[in-house]
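Q: I'm new to this one, and I'd like to learn how to read a few of its features. Can we look at it together?

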Amino acid sequence: SKPMGAQSPDRLDQFKKRYKEWDDPHGETPPYHYGTHYSSAMIVCSYLVRMEPFTQHFLRLQGGHFDLADRMFNSVREAWQSASRHNMADVKELIPEFFYLPEFLCNSNNYDLGCKQNGVQLGDVVLPPWAKEDPREFIRVHRQALECDFVSQHLHEWIDLIFGHKQQGPAAVDSVNLFHHLFYEGNVDIYSIDDPLKKNATIGFINNFGQIPKQLFKKPHPAKKLNHRSSVLDPGPLNTPLMSERLFYHNLDNLRPSLQPIKEL
């Protein structure tokens with residue numbers, strides 16, 4: 001698994017070059033690969049802009065109006081091309097709604113989202129051909145892909161990048177996964193900044209551009225153990241001996257609380 005900045009060789013080389021040639025004359029900012037984040041309030045609201053209450057959140061963050069139509073989320077294909085190839089400032093990842101909520105892909109409220117420079121009026125999100133212009137089909141297939149064996153076999157590598165040992169430090173550098181230092185928890189003490197302008201700018205940066213989650217694992221995360229079913233959507237039988245032994249309703253006694261306290265106080 002690779003970070004979004006490493007999805008295409010050309011852009012990967014540019015991020016490596018940025019890190020290698022970084023030079024801050026003030027010595028305040030250490031080298032980094034990415035100056036933007038993969039998740040923020042604006043990114044979430046931009047994906048969900050067609051659905052309340054996120055429309056109002058987006059407008060509030062955007063100063064009371066929608067963004068230029070050419071910069072709005074309008075096409076799954078274009079969003080992928082931007083985040084993986086074309087835009088050095090775009091390394092955003094998907095949000096959970098892409099795997100369970102078809103409603104966010106529809107402009108059911110008929111908002112006037114503007115018209116692109118090529119004359120295309122924004123409305124519902126443009127889906128890949130395999131979705132057959134059906135948001136529910138898009139979610140179904142997308143969810144099925146998420147639950148497939150291939151993703152399950154590599155999901156721990158993504159965990160290493162976001163929550164694990166490749167999140168920061170030398171492992172992050174080797175994985176081309178190092179972000180601007182203000183994105184990381186505890187890297188700056190805002191209470192020790194005397195300059196009010198600099199302090200407000202730092203707080204605004206953290207609030208608006210995103211923050212790396214707390215590092216949960218210091219060692220490589222183990223791979224998921226796969227069973228005989230390739231997907232939670234797989235209609236295969238559940239009444240096999242192996243599965244029957246594991247179903248909770250065959251072991252109801254295990255759900256009873258213990259009469260002995262875990263620890264004497």
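Predicted model: local features only at pLDDT ≥ 70, side-chain atom pairs only at ≥ 80, totals over all residues.

Q: How many cavities of 30 Å³ or more does a search of the whole structure find?

A: Rolling a probe the size of a water molecule over the atoms shows where empty space is left. Here the search turns up one cavity of 30 Å³ or more. The largest cavity has a volume of about 60 Å³.

Q: Which residues line the largest cavity?

A: The lining is made up of Pro-3, Met-4, Gly-5, Tyr-34, Tyr-38, Val-91, Glu-93, Leu-161, Ile-162, Asn-177 and Phe-179. Sort them by kind and you get eight nonpolar, two polar and one charged.

Q: Now helices. What should I look at in H5?

A: Try its span. H5 covers residues 135-146, and its twelve residues reach 16 Å from first C-alpha to last, close to the 16 Å expected at 1.5 Å a residue.

Q: Which residues of H5 are buried?

A: Those are Pro-135, Glu-137, Phe-138, Ile-139 and His-142. Helix H4 (76-86) is included in what covers them.

Q: And where is Lys-214 found?

A: Look in the loop between helix H8 (196-209) and helix H9 (241-246). Lys-214 sits 29 residues from Glu-185 in sequence, and their C-alpha atoms are 6.8 Å apart. Their side chains are joined by a polar contact of 3.2 Å.

How values were computed. Residues numbered from 1 in each chain as written. Heavy atoms only, no water. 1 Å grid on protein atoms, 1.4 Å probe; cavity = no way out; pocket = protein on both sides within 12 Å on 5 of 7 lines; lining within 4 Å. Points joined across faces, edges and corners; volume = space filled by probe spheres on them. Nonpolar A, V, L, I, M, F, W, Y, C, P; charged D, E, K, R; others polar. Helix = DSSP H or I, 4+ residues; strand = E, 2+ residues; numbered from the N terminus. Expected span 1.5 Å × (residues − 1). Buried < 20%, exposed > 50% of the residue type's maximum accessible area, 1.4 Å probe, protein only. Contact = heavy atoms within 4.5 Å. Polar contact = N/O pair within 3.5 Å; in protein donor to acceptor, adjacent residues only side chain to side chain.
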